[in-house]
Number of protein chains: 2
Amino acid sequence: MLAEQRAEQILRELAQRRAATVTDLCQVTGASEATIRRDLNALAKQGKLSKVHGGAMLLGGEFHGEELDMETKRGLFTQEKDRAARYAAGLIGDDDVVFLDAGTTVLRMAEHLRASKALFLTNSIECACRLMERNLRTHVLGGMLKAGTMALIGAETLAALRRYNFTKAFLGANGVTIAQGFTTPDPEEAAVKSLAAGRAQEVYVLADSSKFGQVTAAVIFPIEAACIITDRLPDRQYRDYTDVREV
Amino acid sequence: MLAEQRAEQILRELAQRRAATVTDLCQVTGASEATIRRDLNALAKQGKLSKVHGGAMLLGGEFHGEELDMETKRGLFTQEKDRAARYAAGLIGDDDVVFLDAGTTVLRMAEHLRASKALFLTNSIECACRLMERNLRTHVLGGMLKAGTMALIGAETLAALRRYNFTKAFLGANGVTIAQGFTTPDPEEAAVKSLAAGRAQEVYVLADSSKFGQVTAAVIFPIEAACIITDRLPDRQYRDYTDVREV
DNA sequence: TATTGAACGCTCAAACTCAATCATATAAAA
DNA sequence: TTTTATATGATTGAGTTTGAGCGTTCAATA
């Protein structure tokens, strides 16, 4: 296995479990302890994880993972970035069957949804709670709960997804480029997004301007597979490849 | 488990309960008293909690210092009604695959779960959140989200349930009688409980004493189909029909 | 007053983790 | 083909962490 792949796998494991011991990572990757230690040192130096005695942990909120996350998210919550979420929410009508994925940008959509008869489906626990607060018809995909993002992923999630068809899907992405398309760090999440898109008539990706030009580990689908909703498009060229709504 | 994880867990426990004894924290983390003491000393030195005789408390709160010592605290948190939940939580071992249903009594179980390698499955969003907070392996059944109880119900939930087999299932019930068996108001929830029980090797119903003699709309299963865990059994006769744990 | 029990900190041995070193293997360069 | 560079796995000795045992303190109780 390539060193690069190992790094991805380590980060993925951390994303899902929040913390992992060196032994755990040896089992997952099949590499020796020495190698894992070397990898952890490298990744820690790159600031991608925090190395602790016995293993590594996801960095970010010291504790209260989500709560702090929510606080900071709300803090970062500028009106400009919110416009995309508001616009996306406005696209939903009474007859829609909507998929919402797990991601901060999509989560914001929930706060702008008006009452409707639409059916909502999501793989995000947080999103499901917001939808319920607004008395919207909500279904949740089953599956393995991932620490950190509180997203449902894995084989069970994909199987559940195959039992639905959507009129519209709203997805988040961490990276958007013309060559690599839409990308996200966790392959498991990418698989869910990709499959959801495949079962939707209209696919929208919500991406704020900072996401353009970024590339992360897992490809979701190519650039032309979704309509982009953004607050500011940094490069006109994207319009040659797909529909872009700059709001 | 990593030392940092333990620290997180201790702080989370405190955030939730305001105070905890050393013994409590041992159970939650699976570590020894010596280790917990060391952790508490370290965290206290970092100013993240206040160490008191017998355990630790959140700092900053309106009650500080001597006003409430551990004795009264322990009284607060070891309430009668919690005993059943605590007992049930103690039944879970590392090799178990556990189903937890949506209900206030079962939800309380989550607060008494110790660290373990067991796999947890639930149809309750709230329960899933609690499980994740404790770093437990958690899966969620898909389905329609029901307002009020935040339980997942419906055909999708039943289908998801058929893909699992459990070693132990812990269920709530609103009514328990010898003639009508276990009952609950919502037929949809009854269907989930019933199916979950059918797929479990051992079935436990958590019911406080007020539930005995009550009958509600939907039958879950007959009285002999589950072991009853309760704080007080009002009528000896139940013992003739099924296993009862009065704790 | 003496006793008991709970909680504490200290110490020690065992288990575990770490970084450094070395040998091997694989791939690129000469 | 030989050489060089890089990556990996094993080994080792040093350093950490952990759980158990022991003596002390303190307060409740006989």
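Tutor: Let's start with pairing: two strands pair if DSSP finds at least two bridges between them. Helices (H or I, at least four residues) and strands (E, at least two) are themselves DSSP runs, numbered from the N terminus. Residues are numbered from 1 along each chain as its sequence is written, with chains lettered from A and ligands numbered from 1 in the order in which they are written. This is a predicted model, in which local features need pLDDT of at least 70 and side-chain atom pairs count only at pLDDT 80 or more, while totals for chains, interfaces and linings use all residues.

Student: How do you know that β1(A) and β3 of chain A are joined?

Tutor: Three bridges link β1(A) to β3 (residues 55–57) of chain A, and at least two are needed, so the two strands pair. They run antiparallel, and Ala20(A) faces Ala56(A) in β3(A).

Student: What makes β1 and β2 of chain A edge strands?

Tutor: The open sheet has three strands in the order β1-β3-β2 (chain A), with antiparallel pairing. β1 (19–21) and β2 (50–52) each pair on one side only. On average, neighbouring strands of this sheet are turned by 20° against each other, direction ignored.

Student: Why is α2(A) called roughly perpendicular to α3(A)?

Tutor: Their axes (lines fitted to C-alpha atoms, for helices over the stretch in contact) are 9 Å apart, and the packing angle is about 105°. Angles run from 0 to 180 degrees between N-to-C directions. Under 35 degrees counts as roughly parallel, over 145 as roughly antiparallel, 65 to 115 as roughly perpendicular and the rest as oblique. The helices are therefore roughly perpendicular.

Student: Which residues in α2(A) and α3(A) meet?

Tutor: Val22(A), Leu25(A), Cys26(A) and Thr29(A) in α2(A) meet Glu33(A), Ile36(A) and Arg37(A) in α3(A). Contact requires C-beta atoms, placed from the backbone, within 7 Å. By class, this contact has four nonpolar, one polar and two charged residues. Ala, Val, Leu, Ile, Met, Phe, Trp, Tyr, Cys and Pro count as nonpolar, Asp, Glu, Lys and Arg as charged, and the others, Gly among them, as polar.

Student: How many residues of chain A are in contact with chain B?

Tutor: 28 residues of chain A touch 26 residues of chain B. α7(A) gives the most to chain A's side, with four residues. That side divides into 16 nonpolar, ten polar and two charged residues.

Student: What surrounds DNA strand D?

Tutor: Among the residues near DNA strand D (C-beta atom, placed from the backbone, within 6 Å of it) are His53(A), Ser32(B) and Arg38(B). α3(B) gives the most to this surface, with three residues. By class, the surface has six nonpolar, five polar and one charged residues. Around DNA strand C there are 14 residues, with Val22(A), Gly54(A), Val22(B), Arg37(B) and Gly54(B) the closest.

Student: Why is Glu111(A) called partly exposed?

Tutor: Glu111(A) has 14 other C-beta atoms within 10 Å. Buried takes 20 or more within that distance, exposed takes 12 or fewer, and partly exposed is in between, with C-beta atoms placed from the backbone. So Glu111(A) is partly exposed. Glu111(A) is in the loop between α6 (104–110) and β5 (119–122) of chain A.

Methods. Contact = placed C-beta atoms within 7 Å.
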